[in-house]
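I opened the model to look up its surface, its fold and a few local features. My entries follow in the order in which I made them.

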Amino acid sequence: MRAAAPDGAAGRRRRPHAFGVERGPRSRPLASAAMADDPEAERPPGRRTSPVEPVDPLVVPRFAGPATFARLPRREDVDACDVAVLGIPFDSGVTYRPGARFGPQGVRNGSRLLRSYHPALDVKPFAVQQVADAGDVACNPFDIAEAITQIEAGADEVLASASNLLSIGGDHTVALPLLRAMHRRHGPVALVHFDAHLDTWDTYFGAAYTHGTPFRRAWEEGLLLEDKATHVGIRGPLFSPDDLVDDARFGFEIVSAMDVLDEGRKAVAERIRARLGDAPVYVSIDIDVLDPAFAPGTGTPEAGGLTSRELLGILRGFEGIKLVGADIVEVAPPFDHAEVTSVAAAHVAYELLALFAKKS
């Protein structure tokens, strides 16, 4: 959550944000940074002005300044937006440890450490595209069906004035309404799903909409391209062998955590890319794809997961894919230690922003 601007002189009024979060008066970003050496040289074709970049950490220390993602401008403070970062503080669909409703706040905090240049992909994600923080969707914490409707509407509203959407949850229930919004814009999409769990259950305690069911519902609703969906990082025990039978019936391919260990990140990335082809791609990342050593702050941790390095490396292997949307979910700061999980998730978000900057 962002700190609200203090009440000022008499007569100054606070205005509500579109998603129910009160904001202070409109203002220019603090110490707006031209962090690129020559911003004009990297200006995207057709853009009238250079992107407004994050606050310069050499002017304003990274522990200060705005509480937006990476200390970027707010969406309402820029005229055009290539990638909007949208928080979804919802965790009423969890089956074990709650706390992911605080995920957007935690990831924004962890993102203060990000810098302007991605050397591995040779790109400045904040200079070649306008990235802005779109705030949080106001979700009903007691009514899952209503919350799903609110998330879907919130994503549609942001996408009406932004080219791409990077969402920060929240539990994995949020992937379903996000995929619905993507479908209206792009039709069925290829899916790369990083997770310890399949998330293709039918129901849990009779509930059809939980963080363990979004991709079964997405398949049933025709939101996914046939035979272009891949799980990555799957591990741990299952309830029944039927879990795998159903998953295969939906056309998913599984790249297990042990496959990543055995094959290596480059081979795994190439294997997934071959399956994607030139299709529009949605990437959904449950932070529990990482081993609890690298992401203790999550709702359903499983031993034997990927390292942070492996996850970042696989994502870098997707350079040039037709990325149309992404989410990072299940960050639960109440169970985190020293912001380990939040920092990891923020760096995953940075990789995704770099992929948006270099997509085909």
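This is a predicted model: local features need pLDDT of at least 70, side-chain atom pairs count only at pLDDT 80 or more; totals for chains, interfaces and linings use all residues.

Residues are numbered from 1 along each chain as its sequence is written, and side-chain values use heavy atoms, without hydrogens and water.

Fold: I found nine helices and twelve strands in the protein chain; helices (H or I, at least four residues) and strands (E, at least two) are DSSP runs, numbered from the N terminus. Buried residues make up 55% of the 360 residues, where buried means under 20% relative accessible area, exposed over 50% and partly exposed in between (1.4 Å probe, protein chains only).

Helix 3: I checked the length of residues 175–186. The expected span is 1.5 Å times one less than the number of residues, so the twelve residues should span 16 Å, and the end C-alpha atoms are 16 Å apart, which agrees. Its buried residues include Leu176, Leu179 and Met182. Gly187 follows helix 3 and has a positive phi, near 80°.

His118: I located His118 in the loop between helix 1 (103–110) and strand 6 (131–136). Is His118 buried or exposed? His118 counts as buried because its relative accessibility is 2%. Leaving out residues up to four places away in sequence, His118 touches Val123, Pro125, Arg316, Tyr350, Glu351 and Ala354 (contact means heavy atoms within 4.5 Å).
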